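Please read the following note with the model open beside you, taking the points in order.

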Amino acid sequence: MIRNIPRAVVVTLIIYAMATTAHFVHNAVFLDDYPNLPAWFTPAGVIGVLLLIHLVGVLGVVAAYFSKRVLGLVLLGTYAVIGFDGLAHYSVASFRTHTLSMNLTILIEVIAAFLLFVCVLITLFASVKSQRRAPQ
């Protein structure tokens, strides 16, 4: 699919990107409905953060594409870890105070982040292992 990136990583990357986008767009559209978010959050700011997050993923894909596979995988792993930040919603308000759609977008993003992270870790360890075995 994408040069130097296994299919499982690409598939989970796409799922995670879609889930993150859905969560952040939901945040931006329903920002005033999310419980206890700081007053300085704005829809434009939320979308700006989304774009910065996606930039990390894009840089990972570009690095891997141009034969910097380990760097690309580290960036994609970082991109995935950022998805766990959605759980911060529950540090300012309980699960029960969020609507069903809020909880779904948060939890789907976190699950997708976890799946991407696991795929990236497996691929990264396999890449490092094969590099160690390669003749010098």
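1. The crossing of α1 and α3 is left-handed (a crossing is left-handed if the near helix is turned anticlockwise from the far one by less than a right angle, and right-handed if clockwise). The axes of these two helices, α1 and α3 (residues 69-82), come within 11 Å and cross at roughly 35 degrees, where axes are lines fitted to C-alpha atoms, for helices over the stretch in contact, and angles run from 0 to 180 degrees between N-to-C directions. On the α1 side Val 9, Leu 13, Tyr 16 and Ala 17 take part, and they meet Leu 76, Tyr 79, Ala 80 and Ile 82 in α3, contact being taken as heavy atoms within 4.5 Å. By class this contact has eight nonpolar, no polar and no charged residues (Ala, Val, Leu, Ile, Met, Phe, Trp, Tyr, Cys and Pro count as nonpolar, Asp, Glu, Lys and Arg as charged, and the others, Gly among them, as polar).

2. Please keep in mind that this is a predicted model, in which local features need pLDDT of at least 70 and side-chain atom pairs count only at pLDDT 80 or more, while totals for chains, interfaces and linings use all residues. Residues are numbered from 1 along each chain as its sequence is written, and side-chain values use heavy atoms, with hydrogens and water left out.

3. The chain as a whole has five helices and zero strands, where helices (H or I, at least four residues) and strands (E, at least two) are DSSP runs numbered from the N terminus. Its C-alpha trace spans about 60 × 25 × 20 Å along the principal axes.

4. The axes of α1 and α2 come within 8 Å and cross at roughly 170 degrees, and the two helices are therefore roughly antiparallel to each other (angles under 35 degrees count as roughly parallel, over 145 as roughly antiparallel, 65 to 115 as roughly perpendicular and the rest as oblique). Among the residues that make the contact are Leu 13, Tyr 16 and Phe 24 of α1 and Pro 43, Val 46 and Ile 53 of α2. The residues of this contact divide into 13 nonpolar, four polar and no charged.

5. How do α2 and α3 pack, and at what angle? Their axes are 7 Å apart and the angle is about 160 degrees, so α2 and α3 are roughly antiparallel to each other. The contact of α2 with α3 has 11 nonpolar, five polar and one charged residue.

6. The largest pocket holds about 400 Å³ of space and is lined by 21 residues, of which Phe 24, Asn 27, Phe 41, Asp 85 and His 89 lie nearest its centre. A pocket here is, on a 1 Å grid over the protein atoms alone, an open set of points where a 1.4 Å probe fits, with protein on both sides within 12 Å along at least five of seven lines, and lining residues have an atom within 4 Å of a point. The volume is the space filled by probe spheres set on the points, which are joined across faces, edges and corners. α2 gives the most to this lining, with four residues.
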